[in-house]
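Please keep the sequence and the 3D view at hand while reading.

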Amino acid sequence: VKTFFMTSYYDSIIAKRFWDRAHFPKYMSLAGTNEKMPELRYGENPHQHAALYMTHPAEGIPKAEVLWGKPLSFNNFVDLDSALTAVLDFKEPACVIVKHNSPCGIAIGKKLIDAYEGALASDPLSAFGGIVALNRKVDEETAELMRKHFFECIVAPEYDEQALETLKKRKNLRILRLPEFVRKWRYNAKIIAGGVLVQNDDPEEELIGDWQVVTDTKPTEAQREDLIFAMKAAKFVKSNSVVIAKNSATVGIGGGLPSRVDAAILAVRKAGDRANGAVAASDAFLPFPDTLYVLAQAGVKALIQPGGSRNDKLSIEAANKLGVAMVFTGRRHFRH
């Protein structure tokens, strides 16, 4: 059995090397390209057994170096992967905080410390015990602020020497360095009973699609920038998702709910007074204007969504009545 697994492993490496990712072959071996890493203590829960199989060549979090802290758990790997996938979508200094595989704060800024403060301020309560991903070298100033909050893990491309020593003062923190901080993988897979679903990634260049302002009120340039940011953030929140953003930072995230209007209600509750004058993004079209009314009542002034509902006309009429600028992109961003 070991011999067959080994030869399958080598064959899969060769096949993966020549696969162009643009087309899906009739036969595919995903498990055969993986190598088992050191045993995990347990799975998602203590009574579950688990293991991590690393792809060849190594990519993402399995390739990261643990500079400090205990070995990573099953849940650490899952959350770190989510945080890394999101933060890699931003070219500006960015910070993503994830809790239970869902972002609770995303922000960009001129400096890394600005991005961190913006992401933490989004939902500091949920960020407790979360996972942090940053796309720039961590400096001492940022590390000093991060040390004041309890996080499970931090991943970044690099750390200043003093920043690393500062973060090491935090008990039970796991510090990861991933120097090759670029997105190489362009597909993802989900295991279901009886098969594996494989799809290409949701690329950044497909974020906006056909930008179309459909209301009498037009978004300002500042709102346009926040709308793009909000939709980019919404991409990484479990559907149904509604994200409220202001000044390049999330201030209210509602996601993982069967009802879109409930996602909006949650986002508004999280945002509080910060929703006033903010913008919002919906990962899919609004089936009814109710979501729009919830956002507008909280003070949201602009909304970005894919459009394409049979009730788009009703939503446009409602937006015009409320004085809300609304943009259709023609691109849906479900995340399951």
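## A charge over a ring

In this predicted model, Arg224 is placed over the face of Trp211, at 4.3 Å from the ring centre.

## Aromatic pairs

A pair of aromatic rings is described by the distance of the centres and the angle of the planes. Searching the whole structure gives three aromatic pairs, and two of them are described here. In one of them, the ring centres of Phe90 and Phe229 lie 5.8 Å apart with the planes at 40 degrees, so the pair is tilted. This pair links distant parts of the chain, 139 residues apart, since Phe90 belongs to the loop between α2 (74-87) and β4 (94-99) whereas Phe229 belongs to helix α7 (residues 221-234). Phe90 and Phe229 are both buried.

Tyr116 and Phe151 form another pair, with ring centres 6.3 Å apart and planes at 80 degrees; the angle is over 60 degrees, so the pair counts as edge-to-face. Here too distant parts of the chain are linked, with Tyr116 in helix α3 (residues 112-122) and Phe151 in strand β7 (residues 151-156), 35 residues apart. Both Tyr116 and Phe151 are buried.

## Helix α2 and its surroundings

Helix α2 has 14 residues and reaches 20 Å from its first C-alpha to its last, which is close to the 20 Å expected at 1.5 Å a residue. Of these 14 residues, 10 are buried, so α2 is largely enclosed by the rest of the structure.

In soluble globular proteins, nonpolar side chains tend to be buried together. The largest nonpolar core in this model has 43 residues, and Ile61, Leu80, Val155 and Leu176 are the ones that touch the most other members. Because domain 1 (58-177) and domain 2 (212-328) both give residues to this core, it lies between them. When neighbours within four places in sequence are left aside, Val155 is in contact with Ile61, Leu80, Val132, Ala133, Leu134, Leu176, Leu178 and Phe181. A second, separate core of 26 residues includes Leu112, Leu134, Ile154 and Ala163.

## Two buried positions

Val138 sits in the loop between β6 and α5 (140-146), and with a relative accessibility of 0% it counts as buried. Not counting residues up to four places away in sequence, Val138 touches Leu112, Ala143, Ala156, Glu158, Tyr159, Asp160 and Ala163. The C-alpha atoms of Val138 and Glu161 are 9.4 Å apart in space, although the two residues are 23 residues apart in sequence.

Thr291, found in helix α9 (residues 290-298), has a relative accessibility of 1% and therefore counts as buried. With residues up to four places away in sequence not counted, Thr291 touches Val242, Arg260, Val261, Ala264 and Leu286.

Ser239 and Asn240 are joined by a cis peptide bond, with omega at about -10 degrees, and Asn240 lies in the loop between α7 and β12 (242-246).

In the loop between β12 and β13 (249-254) lies Asn247, which has a positive phi of about 55 degrees although it is not a glycine. Asn247 has a relative accessibility of 63% and so counts as exposed. Ser248, which lies in the loop between β12 and β13, also has a positive phi, of about 60 degrees, without being a glycine.

Definitions and conventions: Residues are numbered from 1 along each chain as its sequence is written. This is a predicted model: local features need pLDDT of at least 70, side-chain atom pairs count only at pLDDT 80 or more; totals for chains, interfaces and linings use all residues. Side-chain values use heavy atoms; hydrogens and water are left out. Rings of Phe, Tyr and Trp (its six-membered ring) pair if their centres lie within 6.5 Å; planes under 30 degrees apart count as stacked, over 60 as edge-to-face and the rest as tilted. Helices (H or I, at least four residues) and strands (E, at least two) are DSSP runs, numbered from the N terminus. Buried means under 20% relative accessible area, exposed over 50%, partly exposed in between (1.4 Å probe, protein chains only). A charge sits over a ring if NZ of Lys or CZ of Arg is within 6 Å of the ring centre and within 35 degrees of the ring normal. The expected span of a helix is 1.5 Å times one less than its number of residues. A nonpolar core is a set of buried Ala, Val, Leu, Ile, Met, Phe, Trp, Tyr and Cys residues joined through side-chain atoms within 4.5 Å. Domain bounds come from an automatic or database domain assignment. Contact means heavy atoms within 4.5 Å.
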